[in-house]
Amino acid sequence: ISSRISFETRYVGNHGVGNFQTINGNPLLCSAFTGNTCTAGLAVQDPSLIPANITPCSPTGAAAGAGNGARGRVDCNFTNLRIRNNGAWSKYTGLQTEFKMRTFHGVTANVAYTWSKATDNVSEIFSSTGGVTTPIAQNPFDPSNGESGVAAQSFPHVVSTYLIYE
C-alpha cells in the first residue's frame, strides 16, 4: 500500500502420508453365541464387511491362554490386538492474511488472520487428546475407506495482533 503499510495474502497447503495409525488386529466379529452359532455382532449385522475367508473363533476353538476373550474374534489365540502401521494421512489448507504497519506516525502494528481446515483419517493413535478422536477404524478390514473428517487438531479461525506506539 505504501513503504510503511502492507497487506499480504498467502495460501498454505500440506498433504501428509505415512502417519501412524492403530489397527484392530483381532476384531470382535461375533459378540454372542448360541452353541457354536453366532447370534450377534458384525458377523450378523453386516457380514459384507468381513472378507470371505475369515470366520469368528467359536467358543470351543478359543485357546486356553486367551480364554473367553478370544471367542468371536478372528484369531482364537488372542484377545485384543493393537497393531501400529503407517497407513494414516492428513491434509491441511489455509488462507493467511496479514496487515502490517511499520512506524507510521509512531505506530507499529500487525493484524493477522488465518482461515484453515485440517482433515485426516486418524488424529491420534492413542486417543489421548480427548474429544473428537477415536484411534480405531470403524471397519478393521479396510481402515482407510470411510475414515476421514475434521482433524482433532484443526483450528479454523486464528487471529493475532499487536500494537506498539512510540
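Predicted model: local features only at pLDDT ≥ 70, side-chain atom pairs only at ≥ 80, totals over all residues.

Trainee: Which residue forms a disulfide with Cys 57?

Mentor: In general, a disulfide is a covalent bond between the sulfur atoms of two cysteines. Here, Cys 57 is paired with Cys 76, and their sulfur atoms are 2.0 Å apart. Both Cys 57 and Cys 76 lie in the loop between helix H1 (42–45) and strand S4, so the pair ties together parts that are 19 residues apart in sequence.

Trainee: Is the disulfide of Cys 57 and Cys 76 right-handed or left-handed?

Mentor: The torsion about the S-S bond of Cys 57 and Cys 76 is about 120 degrees, so this disulfide is right-handed.

Trainee: How many disulfides does the count come to?

Mentor: The count comes to two. Cys 30 and Cys 38 also form a disulfide, with their sulfur atoms 2.1 Å apart. The torsion about the S-S bond of Cys 30 and Cys 38 is about 115 degrees, so this disulfide is right-handed. Cys 30 is buried, at a relative accessible area of 2%. With bonded cysteines counted along the chain, the pattern is 1-2, 3-4.

Trainee: Where is Trp 89 found, and what is it in contact with, apart from its neighbours within four places in sequence?

Mentor: Trp 89 belongs to strand S4. Beyond its neighbours within four places in sequence, Trp 89 has contacts that include His 15, Gly 16, Val 17, Thr 119 and Glu 147. A distance between C-alpha atoms can be read beside a separation in sequence. Trp 89 and Gly 18 are 71 residues apart along the chain, yet their C-alpha atoms are separated by 6.2 Å. With a relative accessible area of 21%, Trp 89 is partly exposed.

Trainee: Where does His 105 lie, and is it buried or exposed?

Mentor: His 105 lies in the loop between S4 and strand S5 (107–120). His 105 is exposed, because its relative accessible area is 65% and exposed means over 50%. The phi of His 105 is positive, near 55 degrees, in a residue other than glycine.

Key. Residues numbered from 1 in each chain as written. Heavy atoms only, no water. Helix = DSSP H or I, 4+ residues; strand = E, 2+ residues; numbered from the N terminus. Buried < 20%, exposed > 50% of the residue type's maximum accessible area, 1.4 Å probe, protein only. Contact = heavy atoms within 4.5 Å. Disulfide = S-S within 2.5 Å.
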